[in-house]
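Welcome! Work through these exercises with the structure open beside you, and try each task before you read its solution.

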Amino acid sequence: MLQPLRHGLFKWYWIGQTLSAVGDGIFFATLSILILQRRDNPADLGLVLGAQSLAFAVSVLAGGVVADRFKRSNVMAAADLIRLVAVAGFMLLPIQAHLGLLVLCGVLMGGGQALFAPAQRALIPALVPNEVIQSANALITTSSRTAGIVGPAIGGVVVTALSVEWAFAIDLATFAVSVVTLLVVSRNLGSDTRSRPSASFMDETLAGLRVVWQHRWVLVIIAQRSRAKR
């Protein structure tokens, strides 16, 4: 499973995404502590997380179209910058700020993830030979699931030992590392998209919606994916 790490661009990609996944775990643990302890209203947490999930579910098809039209490593870097802004918003906003501002930050997180996710898997075949794509996917999945366990634990320790602000700052640093590694990949990688489609952006998005409507089990997968990103 470690064979893909012999390929330099994939190694940069894997390092950045593993650290970013740890940061995701830190973020959600920290956000929960922040809202539940300081605002003392579980409904607020539900609204923020619900806004994030809804934004992901609504935007993910458009994110797939964007991933087909632009360089995927650049799309992922842009998505990470959007989520970096959202995390900075949670960190800098006063805890008694209007709930709508916190919900807006949640929407930015979900929208950024919807832009990021389709490009993420589509980029891997451009980083490794065909014979190790399966191993590369397995390594990314293993790293992500491990980070999903380690990240919240780190977040809890940092919040307890230092502060919520420090935990958010660490998450911001992981996004920054992810952006840098993606830009390194982008700079050293040729085109990673398919040939430019002839249909318009809106036509492709509507075509995706029609497919989802015809195969409604896809909605279950999208819903599960959005919940997994909480």
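**Exercise 1.** Find the aromatic pairs and classify two of them.

*Solution.* Rings of Phe, Tyr and Trp (its six-membered ring) pair if their centres lie within 6.5 Å; planes under 30 degrees apart are stacked, over 60 edge-to-face, and the rest tilted.
Searching the whole structure gives four aromatic pairs. Take Phe-27 and Phe-28: the ring centres are 4.8 Å apart and the planes at 70°, so this pair is edge-to-face.
Now take Phe-27 and Phe-168: with centres 6.0 Å apart and planes at 45°, the pair is tilted. Because Phe-27 lies in helix α1 and Phe-168 in helix α6, this pair ties together parts 141 residues apart in sequence. (Helices, H or I of at least four residues, are DSSP runs numbered from the N terminus.) Phe-168 is buried too, at a relative accessible area of 1%.
Finally, ring pairs join Phe-27, Phe-28, Phe-90 and Phe-168 into a cluster.

**Exercise 2.** Which residues touch the most other members of the largest nonpolar core?

*Solution.* A nonpolar core is a set of buried Ala, Val, Leu, Ile, Met, Phe, Trp, Tyr and Cys residues joined through side-chain atoms within 4.5 Å.
The largest such core has 26 residues, and those touching the most other members are Phe-27, Leu-31, Val-48, Val-87, Phe-90, Met-109 and Phe-168. Helix α1 gives the largest share, eight residues.
Zoom in on Val-87: beyond neighbours within four places in sequence, its contacts (heavy atoms within 4.5 Å) are Phe-27, Met-109, Phe-168, Asp-171, Leu-172 and Phe-175.

**Exercise 3.** Where is pLDDT below 50, with two contacts beyond near neighbours in sequence?

*Solution.* pLDDT is the predictor's confidence in each residue, from 0 to 100. The chain average is 80, and 82% of the residues score at least 70.
The stretch you want is residues 216-220. Where pLDDT is low, the predicted coordinates should not be read in detail.

Terms used:
Residues numbered from 1 in each chain as written. Heavy atoms only, no water. Buried < 20%, exposed > 50% of the residue type's maximum accessible area, 1.4 Å probe, protein only. Helix = DSSP H or I, 4+ residues; strand = E, 2+ residues; numbered from the N terminus.
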